[in-house]
Amino acid sequence: MPSRAIHKPSLPRVVVAGGGVAGLETLLALHALARDRVDVTVLAPELRFVNLSMAVDQPFKPKRGRGFRLEDTAVELGARWHHGVLDHIEHEAHRVFTRDGEELPYDMLVLAVGAHPEREWQSVDVLTYHGGHDGPSYELLLHHLLEGQISRVAFVKPAGASWPLPLYDLALMTAAECARHGRSGVELSLITPEEEPLGMFGAAASAKVRELLEAAGVTLHTSSYGAPTHRGWLEISPGERGMRVDRVITEPRLAGPRLRGIACAADGFIQTDAHGRVIGLDDVFAAGDATTFPVKQGGLAAQEADAVAEAIAASVGAEIEPQPFHPILRGVLLTGGPARYMRADISGGAGDDSTISREALWWPPDKISGRYLAPYLSSQVGEALDVMPQGEDVIPIEIPLESVASSTLGFGELTDLPLS
Ligand SMILES: Cc1cc2nc3c(=O)[nH]c(=O)nc-3n(C[C@H](O)[C@H](O)[C@H](O)COP(=O)(O)OP(=O)(O)OC[C@H]3O[C@@H](n4cnc5c(N)ncnc54)[C@H](O)[C@@H]3O)c2cc1C
C-alpha cells in the first residue's frame, strides 16, 4: 500500500526491499551520499523497525517498547514507503511484484530481505530464541530456574549459519542472574560446533570469552553438535556423549531467502561481488544476511549495505570512490555484568587483530554497529547507552554523543575509538 509518496519524476528509481538492518543502512547511506540524485522506495512487510540484537536483554530487564515506524523514517529521509512483501522480480522489465499483485518499477534494486530463520527442533523443552516475542517464554524459564523447578539448561548452537552472539549473551546473563539470586546447583552448558567460543572474533577475544564462561560456571563443549533426542536428554556428537537436560535453548538455523527471479546458491543465499552487485544481473544489489557471505551479523549486514549505497551513489554521479565490502566484525557481548566489546578485521590478510575490552571500541556503542544506523538508532531510541545495559553495567564513556550524532538529519557516522 503506497503512502505519503514524494514525487521525484526524473531521478533514477531505487527500490530497497527489506526494512531491517541492511535495508535501513542502505536508506541512510543513500541519504548521506546521494540524497538529491535518487528516488528511493522502501518495500517492507512490517510497520516498525525493532533492534533484534537487544531482544536477548528483554527477559532480564523490563523495558519500554523499542523501535520506530518505518514509514516515518522513510519520509524523514525523503524516500517513499511501500508496505508489502516482495513476491518476485522480473528483471528484464525492471519490475518487482508484491504478494498483493502490485508492481514497482526500478532502475536499481537492493535486496535486503534477510535470511530465512528455520527451527531445528520442535519440542516443548526446546526454546528457539529468535527475538522479543520469545522474551516471555524465556522469562518463565528463568523463573523456573530461580525457583528450583529446573536446574539443567543447555544452550545449543545449531550447525550451519546462525547469528554468532545471542546464545552467548543468554548463557552469560542467565548465569549472572542465578548468581545474583544465590541460586546454586544449576548446570548450564553451551554446546557449539565452533572450534573456539566466538572464534570468528579472533584469538584474544575467544580466549577471554572462554574465561568468562568458565568464571560464570557455564560448561563449554566446542567442536560439538547437540541434539535433543528424547525428553530430558541431549545427545552430543561426535563421540557418544550425552547429558540430562531440563531445557534446551537454541537459535534458528539461517537459510537463504530464495527469491523468485533471482538466481541463488544451493542454500538459497544470493551471491554478490565485493560491491554488492548480484552476480550476473545489472542494477540488482543485495546486502545483509540474505547474501552468501558466511558470517550473519547486523554489523556486517550494515557494512555490505554501505558498499551497495556507495556503488549506487557513484553510478548516479556522486563524487565518491565506492569502496568494496571490507568486513570488520564488531560485537557487544552482554554478560549480566560489564559488557564486552569485541572487534576483529575478518577481511583476510589482516592477521589476527582480535580485540576485546570492557570499554567501548566504537561510538555510539550499539550492538548493531552500522556506520549510519548506530547513530540513527541512538537518535531514535534515546542515547546509545539507552540500548545498552543499565545501571551498574553501563560503561562510562566520555565522548559526547553530539560529536557524532548531529542535527538536521545528519546523524553522524559510527566511529572507531582509539584503544586506551
Ligand atoms: C536475538 C538476536 C540477537 C542478535 N544479536 C546481534 C548482535 O549482538 N550484533 C549484531 O550485529 N547482530 C545481531 N543479530 C543479528 C542481526 O539482527 C542480523 O544479522 C541483522 O538483522 C541482519 O540484517 P538484514 O537486514 O540482513 O536482515 P533483517 O534485519 O532480518 O531484515 C530483513 C528485512 O527484510 C524483510 N523481508 C523479508 N522478506 C521480505 C520480502 N519478501 N519482501 C520485502 N521485505 C522482506 C523483513 O521483514 C525485514 O524487514 C542478532 C539477531 C537476533 C535474532
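## The ligand shell

Sorted by class, the residues around the ligand comprise 21 nonpolar, 13 polar and four charged ones. This is a predicted model, so treat what follows as a tour of computed geometry. In total, 38 residues surround the ligand, and the closest are Gly18, Gly20, Gly114, Gly288 and Gly298.

## A parallel five-stranded sheet

Elsewhere in the fold you will find an open sheet of five strands, paired in parallel and ordered β12-β19-β13-β14-β15. Its edges are β12 (126-128) and β15 (218-221), each of which pairs on one side only. From one strand to the next, the twist averages 20 degrees.

Let us look at strand β13 (residues 152-156). Four of its five residues are buried, so β13 is largely enclosed by the rest of the structure. The chain leaves β13, passes through helix α4 (residues 166-180) and reaches β14 in a right-handed β-α-β crossover.

## Neighbours within the sheet

Strand β13 has a parallel partner in β14 (residues 187-191), with five bridges between them, and another in β19 (residues 247-250), with four bridges. Phenylalanine 155 is a handy landmark here: it stands opposite leucine 190 in β14, while its bridge partner in β19 is isoleucine 249.

Moving on from β14, four bridges join this strand to β15, and the two run parallel. Serine 189 has threonine 219 of β15 as its bridge partner. Helix α4 packs on the sheet and touches β13, β14, β15 and β19; the direction of α4 makes about 165 degrees with that of β14.

## Backbone details worth a look

Two cis peptide bonds involve prolines. Where are they? One joins serine 237 and proline 238, with omega about 0 degrees; proline 238 is found in the loop between β17 (233-237) and β18 (241-244). Another runs from tryptophan 363 to proline 364, with omega near -5 degrees, and proline 364 has its place in the loop between β25 (362-363) and α7 (373-381).

Positive phi values also turn up in residues other than glycine. Histidine 94, in the loop between β7 (86-90) and β8 (95-98), has a phi of about 50 degrees. Arginine 258 has a positive phi near 45 degrees and lies in the loop between β20 (253-255) and β21 (284-286). With 14 C-beta neighbours inside 10 Å, arginine 258 also counts as partly exposed.

Methods
Residues numbered from 1 in each chain as written. Predicted model: local features only at pLDDT ≥ 70, side-chain atom pairs only at ≥ 80, totals over all residues. Buried ≥ 20, exposed ≤ 12 C-beta atoms within 10 Å, placed from the backbone. Pairing = 2+ DSSP bridges. Right-handed = clockwise from strand over helix to strand, strands pointing away. Near = placed C-beta within 6 Å. Nonpolar A, V, L, I, M, F, W, Y, C, P; charged D, E, K, R; others polar. Axes fitted to C-alpha atoms, helices over the stretch in contact; angles between N-to-C directions. Contact = placed C-beta atoms within 7 Å.
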